[in-house]
Amino acid sequence: MRLLLDSSVLLGYLASADPGRTAVAELLRMTVDGRIDLLWTDALRNEVQRTAALRPSVRKRTNDAEVARPLSLVERYAVPVPPSVDPVPQVCRDPGDDFVVAIAVAGRADLVVTLDYDLLALVEHGGVRFVKPGAALTAIRESGDGKGSH
């Protein structure tokens, strides 16, 4: 199964009092174990870094090195999605989230894992479902080993 983790779930993971017990931690373990393909781009990395620097809940629990650690893990195991030269279509009620949809469609994601209500409101677009982390774990478990959808 191919997943894209939106910045909102990575920021929630970083702000968690016990990040190792989160659904996102389990998704990261599944990525390292090769059970799922995690899609990634520089645009997502930049958004996580920029937003982490501005969000008090993240700054209270982390520093720049602690933000970089999970991003490095993601980048080591993720499937890179090349940047598109095509214009990003407007499909989300928050135009700032359209790039996430475009990355997911270009990378042939099965799921976008997010806590962003503007993305969750899409439910599905271009063959990609938008779900919260717990629902992603359920979908992966129901699919068997996680591999082989697209």
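Threonine 41 sits in the loop between S2 and H3. In this predicted model, threonine 41 is buried, with a relative accessible area of 9%, and is one of the residues closest to the centre of the largest pocket. The protein has eight helices and six strands, and the six strands form an open sheet with mixed pairing.

**Overall make-up**

- The protein has 150 residues, of which 45% are buried.
- Starting at the N terminus, the order of elements is β-α-α-β-α-α-α-β-α-β-α-β-β-α.
- Of the contacts between residues at least 6 apart in sequence, 65% are between residues at least 24 apart.

**The sheet**

- The strand order across the open sheet is S3-S2-S1-S4-S6-S5.
- S3 and S5 (124-125) are the edge strands, each pairing on one side only.
- Strands of a sheet pair through backbone hydrogen bonds, and the pairing can be parallel or antiparallel.
- S1 (residues 2-5) runs parallel to S2 (residues 37-40), and three bridges join the two strands.
- Within S2, aspartate 37 is the residue opposite arginine 2.
- S1 also runs parallel to S4 (residues 111-113), again through three bridges.
- Leucine 3 has leucine 111 of S4 as its bridge partner.
- S5 and S6 (residues 128-131) are antiparallel and are joined by two bridges.

**Burial of strand S1**

- In a regular strand, side chains alternate between the two faces of the sheet.
- Arg2 and Leu4 lie on one side of S1, and Leu3 and Leu5 on the other.
- All four of these residues are buried, so both faces of S1 count as covered under the cut-off of 20% relative accessible area.

- H1 (residues 7-15) is mostly covered, with eight of its nine residues buried.
- The buried set in H1 consists of Ser7, Ser8, Val9, Leu10, Leu11, Tyr13, Leu14 and Ala15.
- In H2 (residues 23-32), the buried residues include Val24, Ala25, Leu27, Leu28, Met30 and Thr31.
- An α-helix has 3.6 residues a turn, so residues three or four places apart point the same way.

**The largest pocket**

- The volume of the largest pocket is about 290 Å³.
- Its lining has 18 residues, and those closest to the centre are Thr41, Val81, Pro82, Pro83 and Ile103.
- Two of these, Val81 and Ile103, are in contact with threonine 41, leaving aside the neighbours of threonine 41 within four places in sequence.
- At least two lining residues come from each of H3, S3 (79-80) and H6 (98-106).
- H6 supplies the largest share of the lining, with four residues.
- By class, the lining comprises 13 nonpolar residues, two polar and three charged.

**Threonine 51 in helix H3**

- Threonine 51 is part of H3, which spans residues 42-54.
- The relative accessible area of threonine 51 is 13%, so this residue counts as buried.
- A polar atom of the threonine 51 side chain lies 2.8 Å from the backbone oxygen of glutamate 47.

- Most residues other than glycine have a negative phi.
- Arginine 108 has a positive phi, near 55 degrees.
- The position of arginine 108 is in the loop between H6 and S4.
- Arginine 108 counts as partly exposed because its relative accessibility is 45%.
- Valine 123 also has a positive phi, of about 65 degrees, and is not a glycine.
- The loop that holds valine 123 lies between H7 (117-120) and S5.
- Valine 123 counts as exposed because its relative accessibility is 54%, the cut-off for exposed being over 50%.

Notes. Residues numbered from 1 in each chain as written. Predicted model: local features only at pLDDT ≥ 70, side-chain atom pairs only at ≥ 80, totals over all residues. Heavy atoms only, no water. Buried < 20%, exposed > 50% of the residue type's maximum accessible area, 1.4 Å probe, protein only. Pairing = 2+ DSSP bridges. Polar contact = N/O pair within 3.5 Å; in protein donor to acceptor, adjacent residues only side chain to side chain. Contact = heavy atoms within 4.5 Å. 1 Å grid on protein atoms, 1.4 Å probe; cavity = no way out; pocket = protein on both sides within 12 Å on 5 of 7 lines; lining within 4 Å. Points joined across faces, edges and corners; volume = space filled by probe spheres on them. Nonpolar A, V, L, I, M, F, W, Y, C, P; charged D, E, K, R; others polar.
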